[in-house]
Amino acid sequence: TCVGLRNLLQGLSFSVKYYSKHNHLQTVCLYSKIKHQKCHILDCSGGTCTHRTVPPGSIVPWRFFSCKAGTKIPSKRKQNTSITTSAHLYKDLLKSEQENWNDISEGYKAMTKRIKEKLEELHNKCMFNSGSPRIRFGENVYFEENGCIFLSKGDDVDEGNVDILFSTEDLGFSDAFIQRIRISPDQRYMAISLKSDNSEEATCVIMKLGHFPAVEEVIPSVFSFEWATNDVLYYTSQKNLKCQNVFMTTFTKQKHTELVYTEQDARFFVDIYCTKDRRFLTINSNSKTTSEVWLVDCRHPFRLPALVQARTKGLIYHIEHRNDELYILTTYGEPAEYKLMKAPVASSGMENWQLVYALEKKTKLVDLEMFSDRCIMFLKNAGHLYLNVISFVSHSVQSIKLPTWACEFELESHPEHTTSTCYFQLTSPVHPPKRFAYSFKENNLIEQAVQEVPIITNCHTTRLLAKSKDETSVPITVFHNMNSKELHRKPLLVHVYGAYGIDLNMSFKEEKLMLIEEGWILAYCHVRGGGELGLSWHKDGCQQNKLKGLHDLKACITLLHELGFSQPKYTALAAASAGGVLAGALCNSDPELIRAMVLQAPFVDVLNTMMKTHLPLTIEEQEEWGNPLADEKCMKYIKSYCPYQNIKTQCYPSVFITAYENDQRIPLAGVLRYVQKLRKAVLDHASNTNKKGNWIPNIILDIQANGSHCDSSWEDSLNE
């Protein structure tokens with residue numbers, strides 16, 4: 001998952017229910033079965049961060065550390081019998097569900113075999129030579145493939161032109177995938193984060209490069225890291241889903257590590273980012289709604305960080321640097337959408353911020369890339385992707401629309417801000433990643449034809465607008481095979497998320513392409529609570545507005561059926577994580593709209609979870625869901641839509657849920673409670689109606705012993 005600016009822009013997504021535990025030695029060898037991995041490598045920046053107001057200069061080890069994440073509340077009570085009984089019941093229930101799944105899954109073996117073979121065929125066809133993201137230092141190009149990091153001279157990658165610098169398997173990390181890479185400015189050191197499917201924490205491995213690359217140091221439980229100088233590395237430590245400490249470590253003759261910064265507020269998450277010109281490291285402290293940034297001068301990495309602007313409730317900002325000026329991406333001013341502003345480094349308070357560029361209404365800023373005399377904004381508007389190239393010399397803005405099939409960007413890292421070309425990849429759920437470049441010299445977009453990746457020509461993309469209950473227009477993106485006839489008879493898979501200001505994931509997935517080829521229709525409902533139409537779109541669907549997302553989803557599915565895209569008896573609804581709230585709520589309120597629902601690690605027990613402040617994410621989640629402990633009105637509102645609270649005796653669609661035994665973000669106990677209550681409601685309804693041939697839905701729960709809330713490897717996602 002791309003961190004940094006992208007996560008900052010997508011609603012500071014670290015509590016979207018994804019991240020785990022493990023101590024030092026365990027972390028080094030903890031990884032479960034990951035070998036062949038799609039590239040989740042090289043995030044283009046690095047931050048999701050935050051902090052509390054303190055006079056400048058009083059920052060370093062003197063911030064108090066208060067970790068809400070996973071901190072257990074001390075109790076003087078002795079363990080009583082009811083707790084012991086509850087533990088036994090939980091184990092029995094878990095065992096019962098696992099046995100039930102083993103029995104049910106037997107019936108799907110032939111189908112599973114066919115689907116697996118088809119997906120492997122598509123993966124080999126579509127991902128072959130599609131190219132992984134790259135880090136460029138002049139003529140040197142660093143890239144990752146299959147757990148190895150390579151160095152080539154230029155883009156010409158042939159066997160005689162490539163050196164292998166790192167191999168997860170050769171160095172005993174065979175079960176890990178590479179998540180992030182940072183090269184030191186002089187290219188003598190390389191820092192790599194390695195992650196497993198079973199943990200939300202990563203291990204940072206520092207390699208000393210040269211003729212014989214060697215491991216210099218291994219640091220456990222690291223989230224983000226950046227080189228301040230050739231031999232000074234800053235990094236954040238992660239514990240129980242939280243990042244609140246920043247450390248500095250040196251690789252000089254006298255090595256030492258020291259604590260630089262500690263965040264006190266449990267709602268805030270700390271990350272590190274390096275400005276494009278490498279002048280500053282930024283220590284970013286962000287909650288869901290507020291940020292604060294401290295600067296580390298890379299010319300003087302041992303000096304105390306300097307505060308840019310003290311945190312102000314509701315103010316989000318992110319820092320870049322150029323020519324002794326800070327360029328500030330911020331929500332400051334009206335409307336509360338992102339704007340690019342600037343201020344002198346010496347007087348960086350918001351009273352000195354000057355507007356450079358403001359986004360158009362209902363435009364989503366996906367990413368920003370800074371160069372020596374211009375910047376590029378990666379934008380979404382009405383479902384279409386485009387670039388805005390802003391010149392700091394001519395003060396002009398050029399807008400470049402990207403291919404209509406594209407739904408997602410992925411930037412490649414450009415450590416040299418003086419480069420004349422910006423590289424990125426475009427993708428969609430049914431289009432494999434394709435590389436593009438924008439040339440500043442030629443002032444045009446170049447399609448990179450390394451080897452032709454098959455762009456799906458028989459897939460039609462349609463963009464619709466549904467009218468919600470309050471007349472708000474809600475975007476829908478629809479994919480279907482152009483050769484399909486009688487679309488009203490075709491199966492439809494609807495996707496929804498609608499939380500944290502995060503867009504629906506519309507990157508390429510082999511299974512989506514397989515469904516298109518087999519005649520399915522895919523629909524992506526960009527409901528409120530997500531971030532597709534900017535920050536206001538999120539605000540209009542969180543806390544006391546959460547029901548608007550449910551109304552949006554109902555309107556989207558109703559419109560699809562009215563326009564002849566399938567019908568209720570052929571419609572399935574898919575959601576993951578916090579998307580389970582809206583999916584589960586629709587299941588309760590309008591079960592007749594769908595025939596099946598597929599949930600992955602779903603958040604379905606909102607009220608009980610938000611009442612338990614000892615859980616790792618509850619406090620920071622209050623900015624998304626509200627605080628039912630402090631506000632009775634909030635409690636009643638959550639209760640009105642919470643999937644678990646609103647299960648009733650009625651006819652439900654069939655439900656398939658995948659959950660993870662060790663998921664820290666979505667407690668398994670809540671999923672088990674939901675499944676048990678739903679099954680009872682289904683059986684009660686069947687016994688009450690007692691009609692001959694009455695259809696009884698399947699409620700299936702697959703509990704994975706391995707895996708977590710994070711992205712999984714290709715092999716594990718294939719098995720799922």
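## Nonpolar cores

In this predicted model, the largest nonpolar core has 91 residues. Ile476 and Leu553 are the residues with the most contacts inside this core. Helix H12, which covers residues 668-689, supplies the largest share of the core, with eight residues.

Leu553 shows what such a position touches. Leaving out residues up to four places away in sequence, Leu553 is in contact with Val494, Val496, Cys525, Val527, Leu573, Leu582, Ala583 and Leu586. Another core, of 19 residues, lies apart from the largest one. Val366, Phe378, Leu426 and Phe440 are among the residues of this other core.

## Overall composition

The protein contains 13 helices and 35 strands. Of its 720 residues, 58% are buried. The accessible surface of the protein is about 29400 Å², and carbon and sulfur atoms account for 52% of that surface.

## The four-stranded sheet

Strands S1, S2, S3 and S4 form an open sheet in the order S1-S2-S3-S4, with antiparallel pairing. Strand S1 (134-137) and strand S4 (162-167) are the edge strands, and each pairs on one side only. From one strand to the next, the twist averages 20 degrees. Strands of a sheet pair through backbone hydrogen bonds, in either the parallel or the antiparallel sense.

S1 and strand S2 (residues 140-145) are paired in the antiparallel sense over four bridges. Ser152 belongs to strand S3 (residues 148-153). Ser152 counts as buried because its relative accessibility is 1%, under the 20% cut-off. Ser152 and Val162 are ten residues apart in sequence, and their C-alpha atoms are 4.5 Å apart in space.

## The loop between S17 and S18

Thr331 sits in the loop between strand S17 (325-330) and strand S18 (339-344). Tyr332 has its place in the loop between S17 and S18 as well. Are these two residues buried or exposed? Thr331 has 7% relative accessibility and therefore counts as buried. Tyr332 has a relative accessible area of 30%, so it is classed as partly exposed, a class that runs between 20% and 50%.

With neighbours within four places in sequence set aside, Thr331 is in contact with Gly314, Leu315, Ile316, Ala336, Glu337, Tyr338, Lys339 and Leu535. Tyr332, not counting residues up to four places away in sequence, touches Leu315, Lys339, Met341, Met350 and Trp353.

## Cysteines

How many disulfides does the structure hold? The structure holds zero disulfides. A disulfide is a covalent bond between the sulfur atoms of two cysteines.

For Cys274, the closest cysteine sulfur is in Cys298, at 4.9 Å, which is too far for a bond because a disulfide needs the two sulfur atoms within 2.5 Å. Cys274 is buried, with a relative accessible area of 8%. Cys422 also counts as buried, since its relative accessibility is 0%.

Methods: Residues numbered from 1 in each chain as written. Predicted model: local features only at pLDDT ≥ 70, side-chain atom pairs only at ≥ 80, totals over all residues. Heavy atoms only, no water. Helix = DSSP H or I, 4+ residues; strand = E, 2+ residues; numbered from the N terminus. Buried < 20%, exposed > 50% of the residue type's maximum accessible area, 1.4 Å probe, protein only. Areas by Shrake-Rupley, 256 points an atom, 1.4 Å probe, with all protein chains shown as cover. Core = buried A, V, L, I, M, F, W, Y, C linked by side-chain atoms within 4.5 Å. Contact = heavy atoms within 4.5 Å. Pairing = 2+ DSSP bridges. Axes fitted to C-alpha atoms, helices over the stretch in contact; angles between N-to-C directions.
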